[in-house]
Amino acid sequence: MTQPEMTPTVRRVDARHRYEIVVDGESAGFTAYRDRDDRRVFFHTEIDDAHAGQGLASILVREALEDVRSAGLRAVPVCPYVAKFLKKHEEFADLADTVTPEVLEWLDSVLKR
C-alpha cells in the first residue's frame, strides 16, 4: 500500500527570518529574507537534496510572495531563484523592487558578510 502524498505547506518563521516549506512533517527547504522598511529582501533559497526536483522551490517562493503582498510589502529579489521566479510570473511584477548596490551593502552589513 502506498503512502498518501502530503501537501507541502509553507510557514513564515519570523524568528529565523525565513519561510520554510514542510513535507510529511519535515522541513524540506527555505527562502531567507531580511526586512528593510517596507521591503522584504530575499537573499537565499534552498531545497534539501532529498526533495529536489519536486517543484517545491516554486511553491515556496509563490507562497512567500503572496504573504509579502498580503502584508503590503515589496519584494527585493537578491536571491537568483527569486529573481528568476519573478521574471517568469508576471502576476507578481507589481511587488518587485530593483536590487541596488545600496540594498546589497545594507544586506551585507545586516548579515555581517
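Two strands are counted as paired when DSSP finds at least two bridges between them, and by that rule this predicted model contains an open sheet of 5 strands in the order β1-β2-β3-β4-β5, with mixed pairing. At the edges of the sheet stand β1, residues 9–13, and β5, residues 74–77, each of which pairs on one side only. Neighbouring strands are turned against each other by 30° on average, if direction is ignored.

One of these pairings can be followed in detail, for β4 and β5 run parallel and are joined by 4 bridges. R40 stands opposite A75, a residue of β5.

From the sheet the reader can turn to the helices that lie across it. Helix α1 lies across β1, β2, β3, β4 and β5, and runs at about 165° to β4, whereas helix α3, made of residues 101–111, lies across β3, β4 and β5 and runs at about 115° to β3. With its 15 residues, α1 reaches 21 Å from its first C-alpha to its last, which is close to the 21 Å expected at 1.5 Å a residue. Just after α1 comes G72, which takes a positive phi of about 75°.

Which residues of α1 are buried? They are L56, A57, L60, V61, A64, L65 and V68. Seen down the axis of α1, these buried residues fall within an arc of 160°, and so they line one face of the helix. What covers them includes the strands β1, β2, β3, β4 and β5, together with helix α2.

L65 shows how parts of the chain come together here: leaving aside its neighbours within four places in sequence, L65 is in contact with F42, A75, F85, L86, F92 and L95.

Terms used: Residues are numbered from 1 along each chain as its sequence is written. This is a predicted model: local features need pLDDT of at least 70, side-chain atom pairs count only at pLDDT 80 or more; totals for chains, interfaces and linings use all residues. Side-chain values use heavy atoms; hydrogens and water are left out. Contact means heavy atoms within 4.5 Å. Helices (H or I, at least four residues) and strands (E, at least two) are DSSP runs, numbered from the N terminus. Axes are lines fitted to C-alpha atoms, for helices over the stretch in contact, and angles run from 0 to 180 degrees between N-to-C directions. The expected span of a helix is 1.5 Å times one less than its number of residues. Buried means under 20% relative accessible area, exposed over 50%, partly exposed in between (1.4 Å probe, protein chains only). The arc is that of the directions from the helix axis to the C-beta atoms.
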